[in-house]
Amino acid sequence: MTEMISKHNRIIIAIPARFGSTRLPGKPLLKIGNSSIISMVAQKANQLAYKIKNELNIQAELIIATDDQKIYTEVNQLGLKAVMTDSDLKNGTERVFVAVQPRNENTQLNADDLIINIQGDEPFFSINDIFELTKQMLINDTTPMGTMAYKRNELDLFFSSSVVKVVKDTNSNALYFSRSPIPFPKDILGATGLDWLDKIPQLKKNSVHFYHHVGVYAFRYYALKKFATELVTSSLETYESLEQLRAMEAGWNILVTECLHPPFGIDTPEDLRKAQNYEKI
């Protein structure tokens, strides 16, 4: 671990928290029990920063990037750092890039410093899973970008377009991300593409195995800067509506670490109802 510290002297955990949401307006401020979603995410992320500092002896800090004054105020009342960003930014990655920009000579970033982007609607994320991603990014110190995935076998999720799947190579680098069912079980469903829909009801739970992509990203600062300011929206990114494909089309390796805990994002009123009874990790 000493070798890692010499090359990586700073880690920023950044949480994009946009007020607007088509299905859940004001989502970051909605309550689960007595706590808002953003306060739950931020406080767990702060625990992650402490774990990184304590166990890896690397400087780590937390920034919440928001476009809303109420979110900004709530985060500040927790004693944590929030940064106001423009509501017109296209996505969370751009919001994170703007938020981590150096504001004085004491906040200058090195090219290889790590930025960990945690979604603002994942209050039940596993600290240990993201800590492992952080460690693996430090070990694989030439990899520009990393993310996580959870191994599953639920058929309804395998065929759901809202569940992003990822396949990876023997070095745990992503081969592709898709909303389609990948890898496709040809021996079970056939190869023509004309008959497999009829076979779905006959499948058993353990018939398929796949990796469910978890929307946490680790960028080296130089990669985040290039992604946000230089890479143009790619054809596959547009086709699948998955921004990580922009990096893949540019030829980047994306390291994929395996989670021990399933993802649970809050995107709909039903998700919010389920969250009231969700067992926290």
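How many bridges join strand 1 to strand 4, and do these strands run parallel or antiparallel?

A: Seven bridges join strand 1 (residues 11-17) to strand 4 (residues 60-66), and the two run parallel. The model is predicted, so local features need pLDDT of at least 70 and side-chain atom pairs count only at pLDDT 80 or more, while totals for chains, interfaces and linings use all residues. Residues are numbered from 1 along each chain as its sequence is written, and side-chain values use heavy atoms, with hydrogens and water left out. Strands (E, at least two residues) and helices (H or I, at least four) are DSSP runs numbered from the N terminus; two strands pair if DSSP finds at least two bridges between them.

Strand 1 also pairs with strand 6 (residues 114-117), again in the parallel sense, over four bridges. Ile 12 takes part on both sides: Glu 61 of strand 4 stands opposite Ile 12, and in strand 6 its bridge partner is Ile 115. Strand 1 is mostly covered, with seven of its seven residues buried (under 20% relative accessible area with a 1.4 Å probe and protein chains only; over 50% is exposed, and partly exposed lies in between). In a regular strand the side chains alternate between the two faces of the sheet. In strand 1, Ile 11, Ile 13, Ile 15 and Ala 17 point one way and Ile 12, Ala 14 and Pro 16 the other, and all of them are buried.

Next, the antiparallel pairings. Strand 8 (residues 165-168) runs antiparallel to strand 9 (residues 174-178) and is joined to it by four bridges. Val 166 has Phe 177 of strand 9 as its bridge partner. These two strands form a hairpin with five residues between them, and in the turn Ser 172 has a positive phi of about 65°. Strand 8 also pairs with strand 10 (residues 210-220), antiparallel, over two bridges; there the bridge partner of Lys 165 is His 212.

Gln 244, in helix 11 (residues 244-249), counts as buried because its relative accessibility is 3%. Leaving aside neighbours within four places in sequence, Gln 244 is in contact (heavy atoms within 4.5 Å) with Met 145, Val 164, Phe 177, His 213, Tyr 217 and Ile 254. Leu 255 lies in strand 11 (residues 254-258) and counts as buried because its relative accessibility is 5%. Beyond its neighbours within four places, the contacts of Leu 255 include Asn 171, Ser 172 and Asn 173, together with Met 137, Met 145 and Gly 146.

Leu 255 and Pro 144 are 111 residues apart in sequence, yet their C-alpha atoms are 8.5 Å apart in space. For Pro 144 and Ile 254 the figures are 110 residues and 7.0 Å, again C-alpha to C-alpha. Pro 144 sits in the loop between helix 5 (127-139) and strand 7 (145-152), and counts as buried because its relative accessibility is 11%. With neighbours within four places left aside, Pro 144 is in contact with Met 137, Ala 218, Phe 219, Arg 220, Tyr 222, Ala 223, Trp 252 and Asn 253.

Helix 5 brings in the helix packing. The axes of helix 2 (residues 37-56) and helix 5 come within 10 Å and cross at roughly 45°; axes are lines fitted to C-alpha atoms, for helices over the stretch in contact, and angles run from 0 to 180 degrees between N-to-C directions. Helix 2 is therefore oblique to helix 5 (under 35 degrees is roughly parallel, over 145 roughly antiparallel, 65 to 115 roughly perpendicular, and the rest oblique). On the helix 2 side the contact residues include Leu 48, Ile 52 and Leu 56, and on the helix 5 side Ile 127, Phe 131 and Leu 138.

Helix 4 (residues 92-99) packs on helix 9 (residues 221-229) at an angle of about 125°, with the axes 9 Å apart. That makes helix 4 oblique to helix 9. The contact is made by Thr 93, Glu 94, Val 96 and Phe 97 of helix 4 and, from helix 9, by Tyr 221, Leu 224, Lys 225, Phe 227, Ala 228 and Thr 229.
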